[in-house]
Amino acid sequence: MQLIDVTNSYARKIRRELMNTPVHFIKVFTLGNSKVVFKKKNDDAEIIISNKLRPITEKEIEFVKEHLLGGKAKQALITARKNITEISLKSHK
């Protein structure tokens, strides 16, 4: 598996969201047929994995967590639905 950065393809949408929300960092990746959106606000992180063709696999979820969250991957909260999965990491202040 490989995460491919396609952020430049979404430049307008990202610029609009950065201007209208408190998020300060957005990256968009592809993982095969799946799209991965990674957003950060201070120490909080949110990752959304979506696939219009099939459900997201556990293997994909673990791969994305490890690559984007690193050592904090075990602290992440996962909300999985059929074709979309949300991974959130909240800072404990």
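**A close look at one helix**

A: Glu-62 is partly exposed, with a relative accessibility of 31%; here buried means under 20% relative accessible area, exposed over 50%, and partly exposed in between, for a 1.4 Å probe and protein chains only. The model is predicted, so local features need pLDDT of at least 70 and side-chain atom pairs count only at pLDDT 80 or more, while totals for chains, interfaces and linings use all residues. Residues are numbered from 1 along each chain as its sequence is written, and side-chain values use heavy atoms, with hydrogens and water left out.

The side chain of Glu-62 meets that of Lys-65 in a salt bridge, with 3.5 Å from N to O. The term denotes a side-chain nitrogen of Lys or Arg within 4 Å of a carboxyl oxygen of Asp or Glu. Both residues belong to helix α2 (residues 58-69) and lie 3 residues apart, about one turn of the helix. Helices (H or I, at least four residues) and strands (E, at least two) are DSSP runs numbered from the N terminus. Lys-65 is buried, at a relative accessible area of 9%, whereas Glu-62 is partly exposed.

Another residue in question is Glu-60, which forms a salt bridge with Arg-54, the closest N and O atoms being 2.7 Å apart. Glu-60 counts as buried at 5% relative accessibility, and Arg-54 is partly exposed at 30%. In the whole structure, a search finds 4 salt bridges. Side chains of opposite charge can pair when their charged atoms come close.

An open sheet of 6 strands, in the order β1-β2-β3-β4-β6-β5, has antiparallel pairing; two strands pair if DSSP finds at least two bridges between them. Its edge strands are β1 and β5 (77-80), each of which pairs on one side only. Helix α2 lies across β2, β3, β4, β5 and β6 (84-89), and runs at about 145 degrees to β4. Such angles, from 0 to 180 degrees, are taken between the N-to-C directions of lines fitted to C-alpha atoms, for helices over the stretch in contact, and contact means heavy atoms within 4.5 Å.

Strand β4 (residues 44-50) pairs with β3 (residues 34-41) in the antiparallel sense over 7 bridges. With β6, strand β4 pairs in the antiparallel sense over 6 bridges, and Ile-49 has Thr-85 as its bridge partner in β6. Strands β5 and β6 form a hairpin with 3 residues between them.

Leaving aside neighbours within four places in sequence, Ile-47 is in contact with residues including Val-36, Val-64, Leu-68, Leu-69 and Ile-87. In soluble globular proteins, nonpolar side chains tend to be buried together.
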